[in-house]
Amino acid sequence: MFESKNKYFGRKKGKSFVRLEQYSKFLKEPNKRLFNKIKTPRILEIGIGDGEKISEDAKLYSKINFIGCDIFADGVLRAIRNSVDDNLKNLQVFHLNIQDLLPFIPNNYLQEIRIYFPDPWPKNKHKKRRTVNQPLVKDLTKKLKKNGFVRFATDHGDYFIEALALMKKFKYTMPDISPKCWKYSDSNALHTKFEKKALDKNHKLFYFSVLKNY
Ligand SMILES: C[S@@+](CC[C@H](N)C(=O)[O-])C[C@H]1O[C@@H](n2cnc3c(N)ncnc32)[C@H](O)[C@@H]1O
């Protein structure tokens, strides 16, 4: 098993782990050769959750190569099960903290990075645990190609503002600046598990899509 030097928080296994454990034989450790073999266009999703969204996207868009990671084993194994069952050649998922995956990803490699409903850590004393922070955005920016996008969604307004400010700091631009584009709408809807949960609780949802044009 991959040894991580990075600290991470949150659930590592869930109720479906035992049922999905048989797929752990398909788990891959990252290496640079593997990443060199993945063809363009490439999308990275950080925190794939239950693994269903990335599997559906890979099924729908067979010409795009999807790379996902999560520290939660069940979702990673579910995505692997889906890729085995549906013979998805364009999906690679890793049971890893993003900080442990990044060193294997070449620079100027990704067309898009997706971070959907990252753990909010709403208490002030826990905010430093948030996945989207300055060191991460700095590293991600190197991995993103010119004209690449970062897409982000959350139901926590302060996380939205914090993440958007970081994007501004790293000179991302917003193709659409009307505040309407930040709100939930048919075109923003992602249909992830945590988006559905937030909608069920009548939470306000926030989205951004920013461009690295350098
Ligand atoms: C609130 S869930 C959202 C899952 C999914 N994106 C959705 O919208 O349903 C956040 C996910 O991020 C994962 N996660 C948290 N920190 C992470 C990290 N450093 N690297 C990779 N995944 C992480 C968690 O394990 C969890 O599955």
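A nonpolar core here is a set of buried Ala, Val, Leu, Ile, Met, Phe, Trp, Tyr and Cys residues joined through C-beta atoms within 7 Å. Buried means that 20 or more other C-beta atoms, placed from the backbone, lie within 10 Å of a residue's own. The model is predicted: local features need pLDDT of at least 70 and side-chain atom pairs count only at pLDDT 80 or more, while totals for chains, interfaces and linings use all residues. Residues are numbered from 1 along each chain as its sequence is written.

**View 1. The largest nonpolar core takes in 47 residues.** Cys69, Val93 and Ile113 have the most contacts inside it. Helix H4 (residues 73-85) is the top contributor, giving 5 residues. Helices (H or I, at least four residues) and strands (E, at least two) are DSSP runs, numbered from the N terminus. Setting aside neighbours within four places in sequence, Ile113 touches Leu44, Ile46, Leu140, Leu144 and Val150; contact means C-beta atoms, placed from the backbone, within 7 Å.

**View 2. Helix H4 is mostly covered, with 10 of its 13 residues buried.** Among the buried ones are Asp74, Arg78 and Asn82. Its cover includes helix H1 (17-20), helix H3 (52-60), strand E2 (65-69) and strand E3 (91-94). Just past H4, Asn87 has a positive phi of about 50°.

**View 3. Strands E5 (residues 144-154) and E6 pair in the antiparallel sense over 7 bridges.** Pairing takes at least two DSSP bridges between strands. Arg151 sits opposite Ser209 in E6. Strand E6 (residues 206-212) is mostly covered, having 5 of its 7 residues buried.

Methods
A residue is buried if 20 or more other C-beta atoms lie within 10 Å of its own, exposed if 12 or fewer, and partly exposed in between; C-beta atoms are placed from the backbone. Two residues are in contact if their C-beta atoms, placed from the backbone, lie within 7 Å.
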